[in-house]
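Please keep the sequence and the three-dimensional view at hand while reading.

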Amino acid sequence: MDYLANPQRYTTMRYNRCGKSGLKLPAVSLGLWHNFGGVDVYETGRAILRRAFDLGVTHFDLANNYGPPPGSAEEMLGKALKQDFAPYRDEMIISTKAGYTMWDGPYGDWGSKKYLVASLDASLRRMGLDYVDIFYSHRFDPETPLEETMEALDLIRRQGKALYVGISNYRPDQTEQALKILNQLGSRCLIHQAKYSMYERWVENGLLDILGREGIGLIAFSPLAQGLLTNRYLAGVPEDSRAAKPHGFLQKADITEAKLKQIRALHDIAQQRGQSLAQMALAWLLKDARVTSVLIGASSVAQLEDNLRSLDRLDFSQQELTTIENILAEK
Ligand SMILES: NC(=O)c1ccc[n+]([C@@H]2O[C@H](COP(=O)([O-])OP(=O)(O)OC[C@H]3O[C@@H](n4cnc5c(N)ncnc54)[C@H](OP(=O)(O)O)[C@@H]3O)[C@@H](O)[C@H]2O)c1
């Protein structure tokens, strides 16, 4: 064991209460969707995890299918937990999910109890853990009765394989139903994980209101729009960037001239605020108290550090907010 966590790690991070629960999450959490798979360099991911923990990031988010190949991000975390973080398990919040395609046949996808229970067992084996802190239904399944999916979450929580349960990508009406069923079963929903950034605003149409009213946290994924809301693409598409990689969902075609014009304008405002664009994009999400945490990705320690410095300046003037809205409204 050659890693000793920084004793100062809790001095700079903010911890926000997750809805009306007892659990606090760091304002910035780290996701292992990209950059931590079998195709990536283990030592790079390991260095990011260590630096994150040293800077007070206590929450690490996974899913059964993160990689590529699927499952390899959980294996990577399992290795790092064993090598570096074994003494710190009680200081970490580790989440995983099931809901997207994981294995062949009718039991490796969507929202049946059969799939969710088997998938979490496999995730725990890959990570070498007895339990995760949060287990999510990764997406709403239109064919499985919602009662069954929620019963699976309730069962998993009662078995102690997850301390808390959550949902991800559920629409407002689906969320309301899920919360109701979970409450009836005696299991609260802790958190909703939803895509939210300056470029992806759907949660503002009802979901945030429901979560605020019900005391459920929101963790915002892809808060930097996979790197668009940073300086990454200001001077073209770097070879080592997500948009240049064959796997993944950000395509070169997403980086249009119209987007770049907006990104440059947003970058200018960030500079005037004394921030990087990434920092401003994260601060912009955290201004809403219903957003418990922003769930970033990072391919280097430098990106992680840049993002964490968003916490140095979270306030916005009304004029800045209006200018940002005007830029985002431009097509
Ligand atoms: N529930 C769901 O359905 C769902 C779906 C997607 C994601 N998620 C979760 O959300 C997490 C984050 O998603 P995401 O990776 O799309 O988040 P993101 O923070 O929007 O994008 C991360 C990417 O942006 C670039 N980047 C980050 N910080 C930067 C900086 N300071 N300067 C320049 N570039 C920077 C890097 O791209 P390069 O790689 O090009 O360097 C990095 O890989 C995932 O790991 C996962 O845990 C959940």
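Arg309 is partly exposed, because 18 other C-beta atoms lie within 10 Å of its own, and a residue counts as buried only from 20 or more. This description, like everything that follows, concerns a predicted model. Arg309 belongs to the loop between helix 9 and helix 10 (318-329). Along the chain, Arg309 and Ala278 are 31 residues apart, and their C-alpha atoms are separated by 9.5 Å.

## The barrel

In which order do the strands close into a barrel? Eight strands take part, in the order 3-4-5-6-7-8-9-10, and their pairing is parallel. From one strand to the next, the twist averages 30°.

The table lists four of them with the number of bridges and one pair of facing residues.

| Strand pair | Direction | Bridges | Facing residues |
|---|---|---|---|
| Strand 3 and strand 4 | parallel | two | Leu30 and Phe60 |
| Strand 4 and strand 5 | parallel | three | Asp61 and Ser95 |
| Strand 9 and strand 10 | parallel | four | Ile219 and Ser293 |
| Strand 3 and strand 10 | parallel | three | Ser29 and Leu295 |

In soluble globular proteins, nonpolar side chains tend to be buried together. In this model, the largest nonpolar core has 88 residues. Those that touch the most other members are Ile134, Phe135, Ala220, Ala281 and Val294. Helix 8 (residues 277-286) gives the most to this core, namely nine residues.

Where does helix 8 lie? Helix 8 lies across strand 3 (28-31), strand 9 (217-221) and strand 10 (291-296), and it runs at about 155° to strand 10. With neighbours within four places in sequence left aside, the contacts of Ala281 are Ser197, Met198, Pro223, Leu224 and Leu229.

## The surroundings of the ligand

How many residues surround the ligand? There are 31, and the closest are Gly31, Trp33, Phe221, Gly227 and Gly297. The largest share, three residues, comes from helix 9. By class, the shell consists of ten nonpolar, 17 polar and four charged residues.

Most residues other than glycine have a negative phi, and most peptide bonds are trans.

Two cis peptide bonds follow one another in the chain. One joins Gly67 and Pro68, with omega of about -10°. The other joins Pro68 and Pro69, with omega of about -5°. Pro68 is placed in the loop between strand 4 and helix 2 (72-85), and Pro69 is found in the loop between strand 4 and helix 2 as well.

Trp110 and Ala225 are residues other than glycine with a positive phi. For Trp110, phi is near 65°; for Ala225, phi is near 50°. Trp110 lies in the loop between strand 5 and helix 3 (113-127), while Ala225 lies in the loop between strand 9 and helix 7 (257-272).

Are these residues buried or partly exposed? Trp110 counts as buried because it has 21 C-beta neighbours inside 10 Å. Ala225 counts as partly exposed because it has 18 C-beta neighbours inside 10 Å. The boundary that separates these cases is 20 or more other C-beta atoms within 10 Å for a buried residue.

Technical notes. Residues numbered from 1 in each chain as written. Predicted model: local features only at pLDDT ≥ 70, side-chain atom pairs only at ≥ 80, totals over all residues. Core = buried A, V, L, I, M, F, W, Y, C linked by C-beta atoms within 7 Å. Buried ≥ 20, exposed ≤ 12 C-beta atoms within 10 Å, placed from the backbone. Contact = placed C-beta atoms within 7 Å. Pairing = 2+ DSSP bridges. Axes fitted to C-alpha atoms, helices over the stretch in contact; angles between N-to-C directions. Near = placed C-beta within 6 Å. Nonpolar A, V, L, I, M, F, W, Y, C, P; charged D, E, K, R; others polar.
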